[in-house]
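User: I'm new to this one. Could you walk me through it with a few questions and answers?

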Amino acid sequence: MTKFSVIERSFRFKTPFVISGHVFKTSDVVQVTVKEDGFIGHGEASGVYFTGETTATIKAQIEAYLGNAANPLSFDRLNAELPSGGARNALDCALWDLECKRRNTRIWDLVNVNVRELQTVMTVGLDSPDNMGRAAAKAGPAKILKLKLGPDDPIGCTRVVREQRPDVDLIVDINQ
């Protein structure tokens, strides 16, 4: 018998993460756990705030799908019956995790993808040039920084970050 759990969680940031037009103080997520035949798969999603997704809407969508789906563990059904978004993402991740554990394999082996080193991008939130420079300096071993910039002094912010971290590649994300 398959068992599902769907819970909402909220993780408070040490400092707010600011982009143009929005301030994030927490990371709010929906965590999905699927248990079947002694195996457990986990998935998670946070949704997209500007499309109106919240943890409550994601959780409700998952619960409605699980209540109506004859076979909720079918990838084809999941993709056909749920629109793209947080609910489908969380369930999809949980199902892939479950399948990997059943087969005692890694996801890249299961989908036949060659393993390679990936570069992680760390985002520096919108702030004053000095604060963005301090955040960049604290970015540790990050090799790529994405700078969230707005209309107030984007060149100054970029300059201070570059002074603090001449060793990294920069991605500039200017909104509004």
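Analyst: Here's a short chat about salt bridges in this structure.

This is a predicted model, where local features need pLDDT of at least 70, side-chain atom pairs count only at pLDDT 80 or more, and totals for chains, interfaces and linings use all residues. Residues are numbered from 1 along each chain as its sequence is written, and side-chain values use heavy atoms, with hydrogens and water left out.

User: How many salt bridges does a search of the whole structure find?

Analyst: Side chains of opposite charge can pair when their charged atoms come close. Here a salt bridge means a side-chain nitrogen of Lys or Arg within 4 Å of a carboxyl oxygen of Asp or Glu. Searching the whole structure on that basis gives ten.

User: Is E99 buried or exposed?

Analyst: E99 lies in helix α3 (helices are DSSP runs of H or I, at least four residues, and strands are runs of E, at least two, numbered from the N terminus). Buried means under 20% relative accessible area, exposed over 50%, and partly exposed in between, with a 1.4 Å probe and protein chains only. E99 has 15%, so it counts as buried.

User: Which strand holds D173, the partner of K146?

Analyst: K146 and D173 form a salt bridge, with their closest N and O atoms 3.4 Å apart. K146 sits in strand β5 (residues 144-149), and the pair ties together parts 27 residues apart in sequence. The strand holding D173 is β6 (residues 169-174).
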